[in-house]
Amino acid sequence: MKTYLRLLVFVLLTVAVSPTLLHAEDATDIVRKSQEAFFSQGKDMQARVKMKLLSKSGQQRLRELTMLRKNGSNGEQKYFMYFHNPGDVRGTSFMVYKYPGKDDDRWIFIPAINLVNRIAAKDSRSSFVGSDFTYEDVSGRDVEDDTHKYLREESIQGKPCYVVESIPKNPTEYTKKLSWVDKATYLPLKDEYYDVQGSLYKVFTADKIEIIGGLPAVTGRTMSNVKNGHKTEVVFENTAFNVGIADDVFSERYLRKPSEKWIK
């Protein structure tokens with residue numbers, strides 16, 4: 001009996017001090033807070049976004065757009081993006097309605113054919129306008145779509161981070177993602193994506209963080225495809241939070257004819 005009690009005490013003490021087990025139930029909460037810090041600061045957001053698409057050989061393609069985002073109730077969000085440059089995509093608009101726990105609604109207006117197309121939910125992991133980011137990378141992924149596991153703590157750029165492993169519950173183009181989440185701000189500083197062979201193929205890095213309106217925000221970011229050498233660098237300029245964007249900006253009518261006030 002004494003042996004049994006000693007074994008029981010040993011097991012309980014092991015569970016009590018194991019960092020992995022200590023954080024096991026917190027991993028989902030860490031990812032949820034990270035998503036909120038990265039995609040949901042303030043009540044709304046307006047920014048001018050410049051994207052540089054770089055091939056392995058050094059060729060460059062540029063994209064310039066205005067991004068608007070408004071938070072709704074119960075975790076719902078709306079995104080609106082209007083492309084200024086280059087000329088072949090000028091006037092193209094993209095809109096997302098995000099709903100927690102179910103597929104997002106996505107639309108794109110292509111001025112060349114004067115048509116609003118609905119983007120299928122299965123295309124959420126497709127390339128966003130030819131970049132190394134996917135539609136989901138731009139507007140966020142449901143926390144419940146993955147199983148999350150706390151791995152360890154590790155510093156990046158001198159900042160202590162939580163390292164969390166996320167495994168998709170349903171098949172997608174990656175089988176595992178490792179995230180380094182800043183313990184102070186919960187912003188993601190680095191993500192690694194692994195393919196079906198278990199090989200690293202894509203890396204996200206937060207290159208610049210600024211305090212805007214009292215809120216920490218990633219204003220420079222890069223997504224690199226380590227297999228083909230292509231990468232996309234993104235810079236957010238003139239970022240502002242809590243600017244009072246009206247609900248009707250996020251409508252099919254404005255997809256076709258955006259408000260000059262908000263896309264300038």
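Reader: Helices (H or I, at least four residues) and strands (E, at least two) are DSSP runs numbered from the N terminus; which one gives the largest share of the lining of the largest cavity?

Author: H3 does, with five residues. This is a predicted model, where local features need pLDDT of at least 70 and side-chain atom pairs count only at pLDDT 80 or more, while totals for chains, interfaces and linings use all residues. Residues are numbered from 1 along each chain as its sequence is written, and side-chain values use heavy atoms, with hydrogens and water left out.

Reader: What is a cavity here?

Author: On a 1 Å grid over the protein atoms alone, a cavity is a set of points where a 1.4 Å probe fits but cannot get out, and lining residues have an atom within 4 Å of a point. Grid points are joined across faces, edges and corners, and a volume is the space filled by probe spheres set on the points.

Reader: How many of 30 Å³ or more turn up?

Author: Two, in a search of the whole structure.

Reader: What is the lining of the largest cavity like by class?

Author: There are 12 nonpolar, six polar and eight charged residues. Ala, Val, Leu, Ile, Met, Phe, Trp, Tyr, Cys and Pro count as nonpolar, Asp, Glu, Lys and Arg as charged, and the others, Gly among them, as polar.

Reader: And the second largest cavity, what is its volume?

Author: About 270 Å³. Phe38, Met67, Val138, Arg221 and Phe236 are the closest to its centre, out of 22 lining residues. That lining has 16 nonpolar, three polar and three charged residues.

Reader: New topic. How many aromatic pairs are there?

Author: The count is 10. Rings of Phe, Tyr and Trp (its six-membered ring) pair if their centres lie within 6.5 Å; planes under 30 degrees apart are stacked, over 60 edge-to-face, and the rest tilted. One of them is Phe94 with Phe128, a tilted pair at 5.5 Å centre to centre and 55° between the planes.

Reader: Which parts does that pair tie together?

Author: Phe94 is in strand E4 (residues 93-98) and Phe128 is in the loop between strand E6 (115-119) and helix H4 (135-139), so the pair joins parts 34 residues apart in sequence.

Reader: Is Phe94 buried or exposed?

Author: Buried, at 1% relative accessibility. Buried means under 20% relative accessible area, exposed over 50%, and partly exposed in between (1.4 Å probe, protein chains only). Phe128 is buried too, at 2%. Phe94 and Phe128 also form one aromatic cluster with Phe83 and Tyr135.

Reader: Which charge sits over the ring of Tyr99?

Author: That of Lys102, whose charged end is 4.5 Å from the ring centre. The rule is NZ of Lys or CZ of Arg within 6 Å of the ring centre and within 35 degrees of the ring normal. Lys202 lies over the face of Tyr193 in this way, at 5.1 Å.

Reader: Last one: what does Lys176 touch?

Author: Leaving out residues up to four places away in sequence, Lys176 touches Glu165, Ser166, Ile167, Pro168, Glu192, Tyr193 and Tyr194. Contact means heavy atoms within 4.5 Å. Lys176 lies in strand E9 and is partly exposed, with a relative accessible area of 25%.

Technical notes. 1 Å grid on protein atoms, 1.4 Å probe; cavity = no way out; pocket = protein on both sides within 12 Å on 5 of 7 lines; lining within 4 Å.
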